[in-house]
Amino acid sequence: MPIQPPHKTTDTKYKILRAAAQIINTTGVTALTLEAVAKEAKLSKGGLLYHFPSKDALMKGMSDFVLQGFIDKVEHIAGQDQREKGKWTRAYANVTFSQPDDELTMNVAFLSAIAANPEMLLSVSKQMQQLQKRIENDHMDPTLSTVIRLAVDGLYYNQLYRINLREEVREKVLNYLISLTGEETL
């Protein structure tokens with residue numbers, strides 16, 4: 001399911017973040033300026049500055065938006081899973097596999113943004129380490145749950161690099177990884 005902002009202020013922020021992602025994906029992170037983002041988002045620079053007062057704030061906003069959206073989805077799916085064993089690993093796999101192209105586009109920009117700012121990388125690392133702890137404590141062999149997560153990450157990067165597997169192969173891989181959590185395929 002695509003990321004859907006809930007109200008007007010968030011709609012504008014989302015529009016700005018999408019514009020920033022578009023610039024990063026088409027011309028590179030070095031071309032990201034507040035002026036370029038305002039133009040791409042069809043806003044005045046003042047309108048942009050109201051939401052993101054600096055380029056660093058914009059990049060942090062992009063990082064927070066993408067990462068928090070991902071973590072929220074994983075937590076939501078894990079919270080709905082009635083099976084304790086492997087629920088965090090399954091949720092991680094399912095959310096990662098179900099990202100639509102517009103989220104993948106935002107993720108490419110997100111990765112470029114954090115690569116350009118070591119402070120953001122530390123923040124992302126801390127949040128992902130917390131998620132990894134949940135995966136390691138998922139009522140199953142922590143090595144196996146980590147291997148599943150790493151396989152999922154590898155498939156995610158294949159998507160980002162547009163090394164797309166055929167849909168039936170992707171589905172079989174997902175089902176196989178889910179089966180390793182000790183549960184039936186979804």
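The buried residues of helix H4 are Leu-58, Met-59, Gly-61, Met-62, Ser-63, Val-66, Leu-67, Phe-70, Ile-71, Val-74 and Ala-78, where buried means under 20% relative accessible area, exposed means over 50%, and partly exposed lies in between (1.4 Å probe, protein chains only). The model is a predicted one, in which local features need pLDDT of at least 70 and side-chain atom pairs count only at pLDDT 80 or more, while totals for chains, interfaces and linings use all residues. Residues are numbered from 1 along each chain as its sequence is written, and side-chain values use heavy atoms, with hydrogens and water left out. Helices here are DSSP runs (H or I, at least four residues), numbered from the N terminus.

H4 covers residues 55-80, 26 residues in all, and spans 37 Å from its first C-alpha to its last. This is close to the 38 Å expected, the expected span being 1.5 Å times one less than the number of residues.

Two neighbours of H4 can be described in turn. With helix H5 (residues 87-97), H4 packs at an angle of about 130 degrees, the axes lying 8 Å apart; axes are lines fitted to C-alpha atoms, for helices over the stretch in contact, and angles run from 0 to 180 degrees between N-to-C directions. That angle makes H4 oblique to H5, given that angles under 35 degrees count as roughly parallel, over 145 as roughly antiparallel, 65 to 115 as roughly perpendicular and the rest as oblique. On the H4 side, the contact (heavy atoms within 4.5 Å) is made by Phe-70, Lys-73, Val-74, Glu-75, Ile-77 and Ala-78. H5 contributes Lys-87, Trp-88, Ala-91, Tyr-92, Val-95 and Thr-96. By class, this contact has eight nonpolar, one polar and three charged residues, with Ala, Val, Leu, Ile, Met, Phe, Trp, Tyr, Cys and Pro counted as nonpolar, Asp, Glu, Lys and Arg as charged, and the others, Gly among them, as polar.

With helix H7 (residues 118-136), the axes of H4 come within 11 Å and cross at roughly 5 degrees, which makes H4 roughly parallel to H7. Here Met-59, Lys-60, Ser-63, Leu-67, Gln-68, Phe-70, Ile-71, Val-74 and Glu-75 of H4 meet Met-120, Val-124, Gln-127, Met-128, Leu-131 and Arg-134 of H7. The H4–H7 contact has nine nonpolar, three polar and three charged residues.

Gln-132 is also placed in H7, and counts as buried at 12% relative accessibility. Leaving aside neighbours within four places in sequence, Gln-132 is in contact with Thr-146 and Arg-149.

Turning to the loops, Leu-32 sits between helix H1 (8-27) and H2 and is buried, with a relative accessible area of 1%. Beyond its neighbours within four places in sequence, Leu-32 is in contact with Ala-20, Ile-23, Ile-24, Val-37, Lys-55, Leu-58 and Met-59.

Most residues other than glycine have a negative phi. Lys-42, in the loop between helix H2 (34-41) and helix H3 (45-51), has a positive phi near 60 degrees and counts as exposed at 71% relative accessibility. His-139, in the loop between H7 and helix H8 (142-160), likewise has a positive phi near 60 degrees, and its 55% relative accessibility counts as exposed.
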